[in-house]
Amino acid sequence: MNITERKDPLEKDYQPVEVCDKISSYLFWVIAGLTIFSIYQKNFIPPVYQELSINLSTAFYIVLVLFNNIVFIVNRFHYTPRAESKRRQELLSNAFDIRLITSRTSLYYNNPLSPSMARLGLNVFENTLFGKTICGKMAEVERLRVASYFALWIFSAVWRRTDLQFLSLLFQIVFSTQVALRYLSIELCRAKFESLFNQLHTLFLDSNSGKRDDHYFIVNILMIFAEYEATKAAAMFKQSSKIFKKYNAEVSEEWEAIKREHNLAAAVGH
């Protein structure tokens, strides 16, 4: 696999998404720490400074929450849709050899078919393979993380000396968008990508005899493409670039094997 020559100019459009995700993640834990400080500050702040401490911590809390919400809104409704729109245009440009955007990826889609609906299907086929693999690896990490937080919350709930405010904070953390809901989104995407991957596998196996231009095949490709894009749009996370780079060669080899199974000529590696 010639990975070094791979070019993806759209990566720069996802950089603001990654930056915003990191900022939101850091701010989430800073806010959680500030909340814990607010709960227990009376235990270690001298009485003469308690009013000042409460005022400062409250002000910082309001500013950080407001800033975090702004970052989330800008990322969710500007950076992410913009990046996904360009990725979608590049996907369709590659499938039908019609330039919808000026930038062009190189060795990103490993597809030997000529411009057609079948080529679009094969592009989505490859994307679902990488998507289910990356989300699967991400889910392995998140499962342990969520289980640890949930165990801590259960332990705190049964421990009679636990402060109710602290227990409430733990509950908010465990079931927040940064922990439980993020994990659930990853699992749902993994399951959906796997389902679409299996549908495409069956669809292309059935069309190995050459029937890739009938209405049944075309409608199924369009349906799967729409479901794939809807899944990407609903996701509350960005697929890990680190995991992609780590498993790129391995998954690319699997993709080559799939193409051989579907009687497709070998193409340049991912």
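Predicted model: local features only at pLDDT ≥ 70, side-chain atom pairs only at ≥ 80, totals over all residues.

Visitor: OK, so how many helices and strands does the chain have?
Guide: The chain has 7 helices and 0 strands. Going along the sequence, the pattern reads α-α-α-α-α-α-α.

Visitor: And what's the radius of gyration?
Guide: The chain comes out at 23 Å, while a compact globule of 270 residues would be near 18 Å. Along the principal axes, the C-alpha atoms fill a box of roughly 80 × 40 × 35 Å.

Visitor: What share of the residues is buried?
Guide: Of the 270 residues, 43% count as buried. As for the surface, the accessible area is about 15100 Å², and carbon and sulfur atoms make up 62% of that.

Visitor: How many positive and negative side chains are there?
Guide: There are 31 positive and 26 negative ones, and the centres of the two sets lie 5 Å apart.

Visitor: Switching to contacts: what percentage join residues at least 24 apart?
Guide: That's 76%, counted among contacts between residues at least 6 apart in sequence.

Visitor: Now aromatics. How many pairs?
Guide: Rings pair if their centres lie within 6.5 Å, and by that rule the count is 9 aromatic pairs. Take Phe28 and Trp29: the ring centres are 4.9 Å apart and the planes sit at 85 degrees, so this pair is edge-to-face.

Visitor: Why does 85 degrees make Phe28 and Trp29 edge-to-face?
Guide: Because planes over 60 degrees apart count as edge-to-face, and the angle for Phe28 and Trp29 is 85 degrees.

Visitor: Are those two buried or partly exposed?
Guide: One of each. Phe28 has 15% relative accessibility, so Phe28 counts as buried, because the cut-off for buried is under 20%. Trp29 has a relative accessible area of 30%, so Trp29 is partly exposed.

Visitor: What does Trp29 form with Tyr149?
Guide: An aromatic pair that is tilted, with 5.6 Å centre to centre and 40 degrees between the planes. Trp29 lies in helix H1 (residues 11–40) and Tyr149 in helix H3 (residues 117–158), so the pair ties together parts that are 120 residues apart in sequence. Tyr149 is partly exposed too, with a relative accessible area of 25%.

Visitor: Which residues do ring pairs link into a cluster?
Guide: Phe125, Phe197, Phe204, Phe217 and Trp255.

Visitor: Last one: where is Asn75, and is Asn75 buried or exposed?
Guide: Asn75 is in helix H2 (residues 47–96), and at 8% relative accessibility Asn75 counts as buried. Not counting residues up to four places away in sequence, Asn75 touches Pro16, Val17, Cys20, Asp21, Thr80 and Pro81.

How values were computed: Residues numbered from 1 in each chain as written. Heavy atoms only, no water. Helix = DSSP H or I, 4+ residues; strand = E, 2+ residues; numbered from the N terminus. Rg over C-alpha atoms; globule rule 2.2 N^0.38 Å. Buried < 20%, exposed > 50% of the residue type's maximum accessible area, 1.4 Å probe, protein only. Contact = heavy atoms within 4.5 Å. Areas by Shrake-Rupley, 256 points an atom, 1.4 Å probe, with all protein chains shown as cover. Lys, Arg positive; Asp, Glu negative; His and termini not counted. Charge placed at Lys NZ, Arg CZ, Asp CG, Glu CD. Phe/Tyr/Trp six-rings, centres within 6.5 Å; stacked < 30°, edge-to-face > 60°.
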